[in-house]
Amino acid sequence: MHTSTTSTVELTPWTAEQLQQATHGYWYQDKPPTQSIKRILTDSRHAESGDAFLALKGERFDAHDFVAQVAQHGCQVVIVERPLDVDIAQLVVPDTRLALGHLGAYRRAQYPDLKVIALTGSSGKTTTKEMLGSIFGLLAPTLVTRGNLNNDLGVPMMLLELKPEHQYAVMELGASHQGEIDYTSGLVQPQVAGILNIGTAHLGEFGGREGICRAKSEIYVHIAPEGSSIIPANDDFTAKIRQAVQTAQQLSFGEGGDVFATDIKLNAQSSQFTLHTPQGLAQIHLPFAGLHNVENATAAAAFALAIGVQLDDIVTGLEQAKGAKGRLNFIQRKQYLFIDDTYNANPTSMRAAAEVLSQQIGFKVMVMGDIGELGDASVQEHHDLGRDLVDYPLDLIVAVGEFAQAALQGASHSVHASKLKAFATQADALIFLTNLIQQHQPESMSFLFKGSRYTHMETLMADLMEKL
């Protein structure tokens with residue numbers, strides 16, 4: 001299996017005994033390795049001497065097929081579900097996917113003093129995680145979920161990177177099926193955990209927002225009894241979320257909550273507000289655009305306060321935070337502003353992005369790719385987006401992909417219907433956008449690109465920037 005989980009971090013080595021103890025496996029033919037194991041990895045391309053290669057199995061792949069190959073590259077240890085005819089130390093376990101979880105949980109348990117925050121939600125997870133990483137990074141070495149390593153494989157992979165010097169860990173937990181967050185939060189054992197919001201991401205898998213709420217609420221099960229639960233105060237599902245909370249201590253954020261923002265001023269590429277907390281008030285100059293990011297900042301403040309961070313440190317951390325790649329990154333080229341928001345998308349974040357674009361200067365163009373994982377609601381959700389987006393103070397919406405026609409149909413009900421153009425492919429959209437730039441020279445223009453990960457809208461953005 002080829003996954004981008006490899007890290008260059010110098011890790012704490014494992015002994016053969018620890019590997020066996022953690023996984024409840026056995027060494028084939030009673031032949032454990034004699035040397036310590038420097039790291040455990042699932043990507044056969046990077047396996048080398050001193051590594052243990054863990055062979056995962058999926059519906060369309062079986063990494064057991066790569067064991068002979070990793071042995072040739074000098075890797076002397078493999079973790080497998082069945083003994084193989086290869087001269088290499090083999091730790092045989094019932095299920096390698098679960099073994100990865102056991103290894104992550106074992107590593108976590110080795111650091112009982114580690115302060116762990118876990119967060120989930122339909123949107124804003126990555127940005128809130130980056131804000132928290134900025135806050136804790138000021139105080140002590142902190143492990144922060146990298147990229148999209150937030151599922152049942154990614155979370156244990158991150159835990160394997162824990163080192164003795166880490167004092168904090170900020171773990172982002174994603175859910176693509178019921179039970180996943182119960183599993184991953186059980187591995188990370190947080191002292192503080194909570195939900196940012198219940199939106200419409202992954203509607204298809206959960207059959208509606210109630211199902212999403214149930215899945216996300218699993219995060220409250222594994223919080224340490226003396227820990228704290230974080231709750232969104234102003235969500236449609238706040239009452240249901242509160243029912244899932246099991247800790248005595250809780251902190252809510254957002255309008256009507258314990259931590260909230262007032263005097264909000266939204267600038268083109270930043271925002272300012274007064275942060276209200278149980279520790280007092282603070283003025284925040286946030287280097288992020290959009291009301292949704294003010295909300296993410298109040299959430300980050302609540303998580304940090306709950307684990308004992310002082311308000312002054314929270315202010316500094318928020319003001320120094322940087323966005324993740326593909327999350328509202330502003331790129332200026334000549335008189336053209338490109339906003340790269342291509343990391344992912346759901347209906348809520350698509351509307352929030354339109355709000356940010358409307359604050360920019362010049363001729364404003366939103367380039368919208370498809371949103372995935374909406375199941376049977378896909379056509380309706382894209383229809384509603386088309387209907388709503390044309391009413392924003394934008395000049396054009398360019399919809400690209402399988403559901404572009406649904407967006408066009410939605411827009412047709414509005415007096416601003418002509419603002420939305422639909423294209424089946426990025427190639428067609430590129431021709432239109434290139435001509436658009438030529439027609440509007442030398443006018444200033446602002447473009448925002450957004451879509452689900454699988455649509456690779458960053459490719460279309462890069463292709464257009466090359467034409468300048």
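**Exercise 1.** Describe the span that UniProt annotates as "domain: Mur ligase C-terminal".

*Solution.* The UniProt record, an unreviewed entry, places this feature at residues 326-431; such annotations may be inferred rather than shown by experiment, and their positions follow the numbering used here, with shortened feature names. This is a predicted model, in which local features need pLDDT of at least 70 and side-chain atom pairs pLDDT 80 or more, while totals for chains, interfaces and linings use all residues. Residues are numbered from 1 along each chain as its sequence is written, and side-chain values use heavy atoms, without hydrogens and water. The end C-alpha atoms of residues 326-431 lie 23 Å apart. The span is 36% helix and 25% strand (DSSP runs numbered from the N terminus: H or I of at least four residues, E of at least two).

**Exercise 2.** Locate Leu328 and state whether it is buried or exposed.

*Solution.* Leu328 is found in the loop between H11 and strand E15 (329-333). Its phi is positive, about 45°, although Leu328 is not a glycine. With a relative accessible area of 11%, Leu328 is buried (under 20%; exposed is over 50%, partly exposed in between; 1.4 Å probe, protein chains only).

**Exercise 3.** Carry out the analysis for His456.

*Solution.* His456 is placed in the loop between E20 and helix H16 (457-466). Phi of His456 is near 50°, a positive value in a non-glycine residue. His456 is partly exposed, at 38% relative accessible area.

**Exercise 4.** Identify the residues joined by a cis peptide bond.

*Solution.* The bond joins Gln441 and Pro442, with omega about 0°. Pro442 is found in the loop between helix H15 (426-440) and strand E20 (445-450).
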